[in-house]
Amino acid sequence: MSTVDNLTDGPVGAPDSAARTGTARGRLRSGSGQAGGRTGRGGLAADRWEVGSAFPLGLPTGGGWAGPAEEFRLYGSGRQALVALLEFGRREHGWTAVHLPEYYCPEVADDVAAVLPVHRYDAGPAGVGNPPRVGVDEVLVLVSYFGTPPVRPPTPTPAAGPTVVVDATHDPLAPWLPHLGADYAFASLRKTLPLPDGGMLWSTVGAPLPPPPAPSDGQRLAAGTILSAMCLKTAYLGGAGLAKEPYLAGYADGERRLRSAGVSAVSDLSAQLLHALPVDELRVRRITNAAVLADRLATLPGLTARAYPFGVVLECDSHRRREELRRALIARAVYPAVLWTLRPGESGTRHLDYSARMLMLHTDARWTERDMARVGTLVRQVVRQEAPPARTTTAPPARTTTALLATPPATPIGTAAPVAGTVAVPPLPRPTSGRLRHRSDGNNLPPKGAPC
């Protein structure tokens with residue numbers, strides 16, 4: 001998945017964008033937070049506090065995975081995982097076309113079109129419009145927007161139906177995934193974990209997977225370039241005498257290399273790092289932070305804030321207000337993402353309008369609830385300084401941490417899924433090709449209540 005729109009924390013261009021409860025909470029700090037003096041909590045210089053943008057190199061550690069069950073493949077990126085699946089299906093199963101939502105990452109759509117003809121259908125964060133006509137030898141891609149369960153549009157096809165693939169990038173550990181009934185799921189792991197590369201493909205219904213991918217020199221170079229940028233960013237945030245330009249340029253160069261690398265296995269580094277990351281606790285922290293931040297942003301004029309498993313989405317009442325807010329937050333070291341900047345002619349009017357009015361605020365485990373409170377204060381200050389009157393909006397119901405962590409009833413493919421964030425935490429698979437198991441054993445809340 002592209003990260004353009006995410007890397008907006010400096011003057012160099014804007015390239016687009018706890019295994020189990022009980023691991024040491026202190027390990028989750030990877031270079032954020034602030035305190036008095038030269039260096040604050042987690043090694044962050046007090047004058048270099050920021051929220052958003054790409055991960056630095058922070059390696060919180062925790063336990064491993066719960067055990068094997070579902071077969072999986074690891075690739076260099078989520079995009080590579082999808083492309084590899086489509087190439088496999090075209091070759092082995094005679095797939096003839098792909099149906100993508102109109103609200104989707106344009107760069108991914110471009111790469112998909114190089115494999116199979118692409119048809120766009122009316123779907124986005126606000127729901128599904130006119131249903132597509134999908135043949136039994138075609139592929140229907142659903143998207144979990146911001147970590148919510150996707151809704152499959154009704155498709156007038158025979159009982160066998162098309163092959164269904166879910167993009168789970170915004171919450172690869174979602175507990176509803178095993179119960180959705182999709183043939184395949186894939187995700188970019190770099191959107192929710194501090195890795196230089198990584199994508200995953202799996203099937204919860206036992207569908208055949210492509211052969212394990214081979215590593216490529218291009219992938220190693222792309223991952224190494226991004227890793228260097230992550231290291232430089234970590235040093236910068238820690239107070240080193242560095243400018244932002246070198247690491248921003250490094251991220252941009254790495255993204256270009258990653259996209260041109262072709263289908264490849266994930267780098268050895270990212271494969272090994274997956275063993276050490278406390279994925280359960282990282283996920284809970286991200287969702288807890290989202291609930292805290294959204295609560296701070298209730299009842300603001302001209303803006304609606306919603307908490308999701310991936311972060312907090314701000315929906316402004318106009319593109320002008322969105323851009324004013326975005327520029328003001330960047331000036332205050334808060335770097336929101338636009339997911340995604342859509343292209344006219346490829347998406348319907350309602351999706352273009354939503355894309356032009358939304359911002360996504362990062363809430364991952366780099367930050368504490370104190371950081372989220374600070375972001376909330378900054379947003380409120382910016383919004384209240386705006387002179388033009390706001391269009392009346394209806395605030396969404398409060399989304400508490402408990403609500404976000406509640407597992408919804410299983411919603412199989414073909415029925416409407418509830419639009420609610422969920423968080424019972426199944427673990428990621430261990431690195432390299434193999435098998436994985438999803439867990440749904442409660443909320444897995446750390447002590448004290450705790451993207452592609």
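**Pocket lining, salt bridges and burial**

Biologist: By class, how many residues in the lining of the second largest pocket are nonpolar, polar and charged?
Modeller: Ala, Val, Leu, Ile, Met, Phe, Trp, Tyr, Cys and Pro count as nonpolar, Asp, Glu, Lys and Arg as charged, and the others, Gly among them, as polar. By these classes the lining of the second largest pocket has 15 nonpolar, 3 polar and no charged residues.

Biologist: What kind of model is this, and which residues does it use for totals?
Modeller: Residues are numbered from 1 along each chain as its sequence is written, and side-chain values use heavy atoms, with hydrogens and water left out. This is a predicted model, in which local features need pLDDT of at least 70 and side-chain atom pairs count only at pLDDT 80 or more, while totals for chains, interfaces and linings use all residues.

Biologist: What volume does the second largest pocket have?
Modeller: On a 1 Å grid over the protein atoms alone, a pocket is an open set of points with protein on both sides within 12 Å along at least five of seven lines, and lining residues have an atom within 4 Å of a point. Points are joined across faces, edges and corners, and the volume is the space filled by probe spheres set on them. For the second largest pocket it is about 240 Å³.

Biologist: Which elements give two or more residues to the lining of the second largest pocket?
Modeller: The second largest pocket is lined by 18 residues, and those closest to its centre are Gly124, Gly127, Tyr145, Pro150 and Val151. Strands (E, at least two residues) are DSSP runs numbered from the N terminus, as are helices (H or I, at least four). The elements giving two or more lining residues are β5 (123–124), β6 (127–128) and β7 (138–143).

Biologist: In the salt bridge of Arg326 with Glu323, how far apart are the closest N and O atoms?
Modeller: A salt bridge is a side-chain nitrogen of Lys or Arg within 4 Å of a carboxyl oxygen of Asp or Glu. Arg326 and Glu323 are 3 residues apart in helix α7 (residues 319–331), about one turn of the helix. Their closest N and O atoms are separated by 2.9 Å.

Biologist: Is Arg357 buried or exposed?
Modeller: Arg357 pairs with Asp353 in a salt bridge, both lying in helix α8 (residues 349–357) and 4 residues apart. Buried means under 20% relative accessible area, exposed over 50%, and partly exposed in between (1.4 Å probe, protein chains only). Asp353, at 36%, is partly exposed. Arg357 has 10% relative accessibility and therefore counts as buried.

Biologist: How many disulfides does a search of the whole structure find?
Modeller: A disulfide is a pair of cysteine sulfur atoms within 2.5 Å. Cys231 is partly exposed at 36% relative accessibility, whereas Cys316 is buried at 2%. The number of disulfides found in the whole structure is 0.

Biologist: How far apart in space are Pro215 and Val266, C-alpha to C-alpha?
Modeller: Pro215 lies in the loop between β10 (199–202) and α3 (217–237), and is partly exposed at 48% relative accessibility. Pro215 and Val266 are 51 residues apart in sequence, but their C-alpha atoms are separated by 6.9 Å.

Note on methods. 1 Å grid on protein atoms, 1.4 Å probe; cavity = no way out; pocket = protein on both sides within 12 Å on 5 of 7 lines; lining within 4 Å.
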